[in-house]
Amino acid sequence: MSTSKIDAWHAAGLIDESTRMRLIAYEAEHTKPLAMWAVFGIGALAIGLGLISVVAANWDEIPGQVRLAIHLTLIIAVLAAVLLRESKLAEVSPWAIEALLFVAAALGLTFFGHLGQVYQTSAPLWEPLATWLVLFGPLLLLMGRSWLAAALVVGGSVYCVWEFNWATDSLTRRPEGEPPPYLWMSFVTALPVLFAPLGAWMRGRGERTAFWRRLEQLGLAYAVGGASIFCALASAGESGSNDLIGDGTSQIVRTGMGLGAGLLVLLVRPTVSGRMSGAIIAASGAALLFAYAVDGLEVLAALVFMVLWAAIAAAALYAGWRGVFQMAVAAIALRLIILSFELASDLLLSGFGLIVSGVLILGVAWIAVRVSRQYAPPFEGTEKTEQ
């Protein structure tokens, strides 16, 4: 922290002189030599790029089995460093563990592509992704400490299930004219939402609270993001005519998964924050079914979207999530603006229509800012997350 910030606090009367001196002394004692670390980082990057360049220049001269052996050796070496030196690395910095986990996961994922290149094999992308998740997912779940490991697990899972969905829908995967297995496809694509109850259950168990909180949040984000996209597709009349999305039965399955995941979050973490997270996930699941029911009806589909985000805003207000509340208000305002363009597309071709649309946009933005400032809960340091 810069001492100028501390001096500004002192000048504003927020801290006294003795506190100011203690803060300056603490910062001086704990200041990290960022410039030196930057030099070390640049040197390590140069060495790494040089090694990559040497290998790339002689790639065709190296036998495939030798390349695979080196690749596998690197994976084993990184995993050994993580497993054998975890406690000491964690004492230095939790990010040291995260960095090694990321490198191990990246090496493991690229190994499958390397294997296919050497032996000239091919497979749908979801198959190596699923194998990677089976092999490296438990490691990330057992040792991950922050958002990076959580994002790898959830992001990899989301990509995998939708790649599976696309491959299953492909006409080359089933006889022509036979409908896709909608029930199975919808169940698989809903699975990532279960990260939310898993993260909620593991929060408070052990020392990796931040990791499990991020996992819960990412599961919640998947539920909300999926429901929002389905509402947008329903507004365009696409939520019931796309084989990748499925039919009404598919939405019932996904809705059931969302409701079940929300209930599990509420049961395993019955705090204010847990109850509101569970309610948002359940509302997102219900929005899928409502969006399908109003497919092709622009106003009603937009209304489903806005009701969902209004529920999110209410939950955020009750739980004390200032950032989430403001994001919900912004989402509703943006959807109102988009809806106005959808309903008045003909007016946009005239100058008067552009003026009216501009005034409407400014009005909606002004109201959104006023609501966001006036009704948002206090900053998140005072949120009621653990009541």
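The legends below describe close-up views of a predicted model.

Residues are numbered from 1 along each chain as its sequence is written, and side-chain values use heavy atoms, with hydrogens and water left out. Because the model is predicted, local features need pLDDT of at least 70 and side-chain atom pairs count only at pLDDT 80 or more, whereas totals for chains, interfaces and linings use all residues.

**View 1. The protein chain as a whole is built with 16 helices and 0 strands.** Helices (H or I, at least four residues) and strands (E, at least two) are DSSP runs, numbered from the N terminus. Of the 387 residues in the chain, 37% are buried, where buried means under 20% relative accessible area, exposed means over 50%, and partly exposed lies in between (1.4 Å probe, protein chains only). Among contacts with a separation of 6 or more, 70% are between residues 24 or more positions apart, a contact being heavy atoms within 4.5 Å.

**View 2. Salt bridges join R203, E216 and R269 into one network.** A salt bridge is a side-chain nitrogen of Lys or Arg within 4 Å of a carboxyl oxygen of Asp or Glu, and a search of the whole structure finds 2 of them. In one, the side chains of E216 and R203 meet at 3.0 Å, N to O; E216 lies in helix 11 (residues 209–235) and R203 in the loop between helix 10 (195–202) and helix 11, so this pair ties together parts that are 13 residues apart in sequence. In the other, the side chains of R269 and E216 meet at 2.8 Å, N to O; R269 lies in the loop between helix 12 (248–268) and helix 13 (272–293), so this pair ties together parts that are 53 residues apart in sequence. R203 is buried, E216 counts as buried at 2% relative accessibility, and R269 counts as buried at 7%.

**View 3. S277 is found in helix 13.** At 4% relative accessibility, S277 counts as buried. Not counting residues up to four places away in sequence, S277 touches E216, L220, V265, R269 and W321.

**View 4. Helix 12 packs with helix 13, their axes 7 Å apart.** Axes are lines fitted to C-alpha atoms, for helices over the stretch in contact, and angles run from 0 to 180 degrees between N-to-C directions. The angle here is about 170 degrees, and helix 12 and helix 13 are therefore roughly antiparallel to each other; angles over 145 degrees count as roughly antiparallel, under 35 as roughly parallel, 65 to 115 as roughly perpendicular and the rest as oblique. The residues that meet include G258, G262 and V265 in helix 12 and S277, G278 and I281 in helix 13.

**View 5. The axes of helix 10 and helix 12 come within 8 Å and cross at roughly 5 degrees.** That makes helix 10 roughly parallel to helix 12. Here A196, P197, A200 and W201 in helix 10 meet A261, L264, V265 and V268 in helix 12.

**View 6. W184, F187, L191, L194, L263, L264, L266 and L267 make a nonpolar surface patch of about 690 Å².** Patches are made of residues with over 30% relative accessible area and no salt bridge, with like charges joined within 9 Å and nonpolar side chains (Val, Leu, Ile, Met, Phe, Trp, Tyr) within 5 Å; accessible areas come from the Shrake-Rupley method with a 1.4 Å probe, and for residues only the protein chains shown count as cover. Helix 12 gives the largest share, 4 residues. L191, found in the loop between helix 9 and helix 10, is partly exposed, with a relative accessible area of 31%.
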